[in-house]
Amino acid sequence: MKYIYFVIFSSIFIFLDRISKYFVIKNIKYGDSIKILGNFLKFERVDNRGGIFGLFPNGKYIFITLSIIALIIIFIFFIKYEFKFTLFIFLLSLIFSGITGNLIDRIFYGFVVDFISVKNFPVFNLSDSYITIGVILIVFYLWREEL
C-alpha cells in the first residue's frame, strides 16, 4: 500500500510543479514579474543556473549527479523500511518530487525555473518548497520519535 500512496502523492506534486513552470515559461519573460500581493508576493521568472540561492552557477552536471544520487538513496530507503504513518510517506514523496522537478529542469533547460518571489527572500519554485517542507518536517518527526 505504501507504494500506491507514494506514487499518487509524487505524481500530484510533480504535475503541479511542471504545470506551474510551464505557465511561467509561456507567460512570463525572463526578468518580468506579475504582482500577486503588491511587492510582498509576485511571480518573477528567474532562470537559476546554480544550486540553492543560485550558488555555483556552473555546477549543472554536479547538481544533476547529486540529484540522481539523492533519488536513488530515497528509493532505497523507501524500499528498505516499513513506515507506520502515511504522513512519513507523504513527506518522502515531497522530497522525491522536489528533487525530480528541479532535475527535469536541469536536464531539459540547463537551469531551474524559479518564479515565486517573496519580499527580501531569494526567488524559488514549488520543487524548492517541497524539498524544504519535506526535510524540515522529517527532521522534526525523527527528533520527536527519539524523545
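1. α2 and helix α3 (residues 86–108) pack at an angle of about 155°, and their axes lie 10 Å apart. Helices here are DSSP runs of H or I with at least four residues, numbered from the N terminus; axes are lines fitted to C-alpha atoms over the stretch in contact, with angles from 0 to 180 degrees between N-to-C directions. The pair is therefore roughly antiparallel, a label for angles over 145 degrees.

2. A word on the source: this is a predicted model, in which local features need pLDDT of at least 70 and side-chain atom pairs count only at pLDDT 80 or more, while totals for chains, interfaces and linings use all residues. Residues are numbered from 1 along each chain as its sequence is written, and side-chain values use heavy atoms, leaving out hydrogens and water.

3. Which residues of α2 meet α3? Among them are Phe63, Ile64, Ala70, Leu71 and Phe78, and the α3 side includes Phe88, Leu92, Phe96 and Ile107; contact means heavy atoms within 4.5 Å.

4. Ala70 is found in α2, which spans residues 60–80. With a relative accessible area of 24%, Ala70 is partly exposed (between 20% and 50%, using a 1.4 Å probe and protein chains only). Ala70 and Phe96 are 26 residues apart in sequence, and 8.4 Å apart in space from C-alpha to C-alpha.

5. Phe96 also turns up with α1 (residues 2–27), where Ser10 lies: Ser10 touches Ser93, Phe96 and Ser97, not counting residues up to four places away in sequence. Ser10 counts as buried at 5% relative accessibility, the cut-off being under 20%.

Terms used: Helices (H or I, at least four residues) and strands (E, at least two) are DSSP runs, numbered from the N terminus. Angles under 35 degrees count as roughly parallel, over 145 as roughly antiparallel, 65 to 115 as roughly perpendicular and the rest as oblique.
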